Every structure is written in structure tokens, then in C-alpha cells.
Amino acid sequence: MLGSGGVSDGYEVRSKRPRMMDSNPYFAVSSGTSGFQPYSYGGGYQPPAFPVARLRGLPFNCTDIDIFKFFAGLDIVDVLLVNKNGRFSGEAFVVFAGPMQVEFALHRDRQNMGRRYVEVFRCKRQDYYNAVAAEVNYEGIYDNDYQGSPPPSKSKRFSDKDQMEYTEILKMRGLPFSVKKSEILDFFGEFKVVEDRVHIACRPDGKSTGEAYVEFVSAEEAKKAMCKDKMTIGSRYVELFPSTPDEARRAESRSRQ
């Protein structure tokens, strides 16, 4: 799920997926009631501050890509756009590769994104964790430690996609940035995919946007493959959407630019 600066217009990547909290040293979570107590005195080990910043005042059409652009040149690990009752709240959490990156990010406080100025300020790791838990709960992926209102029923969440018109193309969103074509083929292993028509969308710097377009042998096969919606590749759950050959071609053309 690692990502860094360098962006391209035209890609929309929403952050509605589980976060990787175990493979990064900054995401260490205590086990047991006492938790982890670092040494504070006598020259003992003091872990670095969790490298997260909070943004407020974002445009309501803001995407991950806009935030990558806002922090161009900084190393971003994760972006969480905060939603309330299914609507973007104008706030976000951004996790960086290290504490020094946060210090640089704070210098961009009150700079503009579009016509709005954006507040950038420090926050605690637990604030970020709480926001992730709230998002995951809303999306219907249960977290046993989080108590909140029940998520929408599965039938309600998927009814809109069931009613859409299908072609032989599906769009994938929320992929790990390191995803490979072979992983996508394995993901759709039980379905008939046109193997040379799997396109992973990339930014101009060659890094993945987290999206891909997959062609199946028929529209019916693509619709069957929608049963994989919100299943995981690595630590991320992947959203699937009906797409069109034109949309796939445009994405492929942008990746070549």
C-alpha cells in the first residue's frame, strides 16, 4: 500500500479499504491491557512519533490524487478521506513515511487546493485508527473492537451495481500499489479473463494508481465476476465496477503519456 508523490489528473482513487497496520513499524498496536510502554527517561528507547497529519477544509470533490498533488515531493503511505453518513466531510488523514515528512507537510498549512485553503495540523495515531475503524464499520467490514451503528445491508450496498449495464470490462479500484498482473489473474482465477487485456493504470512516474481494467470473454462473465467485489488482494479489499472499452482505452492512453 506504499505510495509516494507524483500524480496525474484524471484518476479518482477513493480510500475505502482496510489499512495495513502490521507490516509498518509505525503501525505497532499493543496487545493486552497494559500496552507498550516505551522508556521515557534515562536514555532508553523512545519510538518515533506516528507520522500522520490531519487535513481540514478540503474541497468536497477531493480525491486521493488531489492530496498526492498537494503534498508533491513527500512520501505518502496512506490517505484516508473521512466520510460521515456516506458523504465526504472535507477532512482527511495522511500517513507519511516518517516523522520528518510530517514536519515538511505542516509547512503547507493554509495553502490552497483549488479555491479553498487547507488546514494541515498534527494529530494522534489513535485519531487515525478511530477514523479507519469508523470507515470500515460503515463499509460493512466488521471490526470486533469497534462498536457503532450497523452498516447498510449487503443487498442495499450492491443493488446499484446489479442494476448497471455491463460490458465485458470491469474496473478495479483500491489495488495495492505494487500489484502485478499475475495477482489480478489469480484474483479472478475461476472466471474467464482475456489475459492480454488486463491493464494496470499508472501515473506518469510509472507507479500504479491503484486501479486496473480487466476484460472478460463476455459481459455475462464480467457480471458473474462481480461476486469478487470487496474481496482482498494482500491487505486491501478491492472494489469492482462495470466499465466500458472506451474508459479502459482512455486509462491506457493516460498511462502511456
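In what order do the five strands of the open sheet stand?

## The sheet

The order is β2-β3-β1-β5-β4, with antiparallel pairing (strands are DSSP E runs of at least two residues and helices H or I runs of at least four, numbered from the N terminus; two strands pair if DSSP finds at least two bridges between them). β2 and β4 (111-113) each have a single partner strand and stand at the edges, so one side of each is left without a neighbour in the sheet.

Inside the sheet, β1 and β3 run antiparallel and are joined by five bridges.

## About the model

This is a predicted model, in which local features need pLDDT of at least 70 and side-chain atom pairs count only at pLDDT 80 or more, while totals for chains, interfaces and linings use all residues. Residues are numbered from 1 along each chain as its sequence is written, and side-chain values use heavy atoms, leaving out hydrogens and water.

## A look at Ala 92

Ala 92 sits in strand β3 (residues 87-96). Ala 92 counts as buried because its relative accessibility is 0% (buried means under 20% relative accessible area, exposed over 50%, partly exposed in between, with a 1.4 Å probe and protein chains only).

Beyond the neighbours within four places in sequence, Ala 92 is in contact with residues including Leu 55, Leu 58, Ile 67 and Val 82 (contact means heavy atoms within 4.5 Å). Cys 62 is 30 residues from Ala 92 in sequence, and their C-alpha atoms are 9.8 Å apart.
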